[in-house]
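Let's take a friendly walk through this model, starting with a sheet and ending in a loop.

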Amino acid sequence: MKKIVLIMIHCLLVISCEKAQEKLPILGNPVMRGNHMEYPRIKDFSFTNQDSLKISNNTFDGKIYIADFIFLSCPSICPKMNVQLKKVYDAYKTNNEVLFLSHTIDPENDTIPRLKAYTVEHDIKKNWHFVTGNRDSIYKIATESYFATAYPDENEPGGFVHSGGFLLVDKNRHVRGVYDGTNPKETQRLIADVKVLLEESSNH
């Protein structure tokens, strides 16, 4: 009996250790500042969303968010990405600690009224910002902050090259995960990782 109890205690300790180790990595190359390791953070930004509201880093203070780069007339991967990210949105739309940030890489055509019409059509009522702004600023933040690609190319379908990834960002503006926005299995992984990140932030 004593042996069984010891085995059970050992199992519980192993489980608790595994839970303690379950932490998402911080992506990017860190830099040593004195004795402190600093990881890249999302740079300051300011865009306008589908409700004509200014959206900046301050919008996401104390929040977890998922970012991506799309355009509404995209004939290739964007429709798949939008379907997959909507699944993540539906899983967390009642949780005000989780926000969504979709940047259009075609601000000339994706006007505020068009972005608004898209959100109405897809029953997106809160916590998901579809933003537009200066084209170069959008491309710059894609490459410099989100490990993403976004630029015009007339030889590509729809006239743009862009990454198909979803980026999971924590409350400290660190990227904690990158997910293939066209893969349903990756969508499930993202849904699970958001939960891990919520638990991590609640323990601090």
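Predicted model: local features only at pLDDT ≥ 70, side-chain atom pairs only at ≥ 80, totals over all residues.

Residues are numbered from 1 along each chain as its sequence is written, and side-chain values use heavy atoms, with hydrogens and water left out.

Begin with the open sheet, where 5 strands follow the order β7-β6-β5-β10-β11 with mixed pairing. The edges belong to β7 (128–131) and β11 (175–180); each has a single partner strand, so one side of each lacks a neighbour in the sheet. From one strand to the next, the twist averages 20°. Strands here are DSSP runs of E with at least two residues, and helices are runs of H or I with at least four, numbered from the N terminus; two strands pair if DSSP finds at least two bridges between them.

Histidine 103 has valine 131 in β7 as its bridge partner.

Valine 131 also leads us to asparagine 49, which touches Val131 along with Ile55, Ile112, His129 and Phe130, leaving aside residues up to four places away in sequence; contact means heavy atoms within 4.5 Å. Asparagine 49 sits in the loop between β3 (46–48) and β4 (54–56). Its relative accessible area is 1%, so asparagine 49 is buried (under 20%; exposed is over 50%, partly exposed in between, with a 1.4 Å probe and protein chains only).

Technical notes. Axes fitted to C-alpha atoms, helices over the stretch in contact; angles between N-to-C directions.
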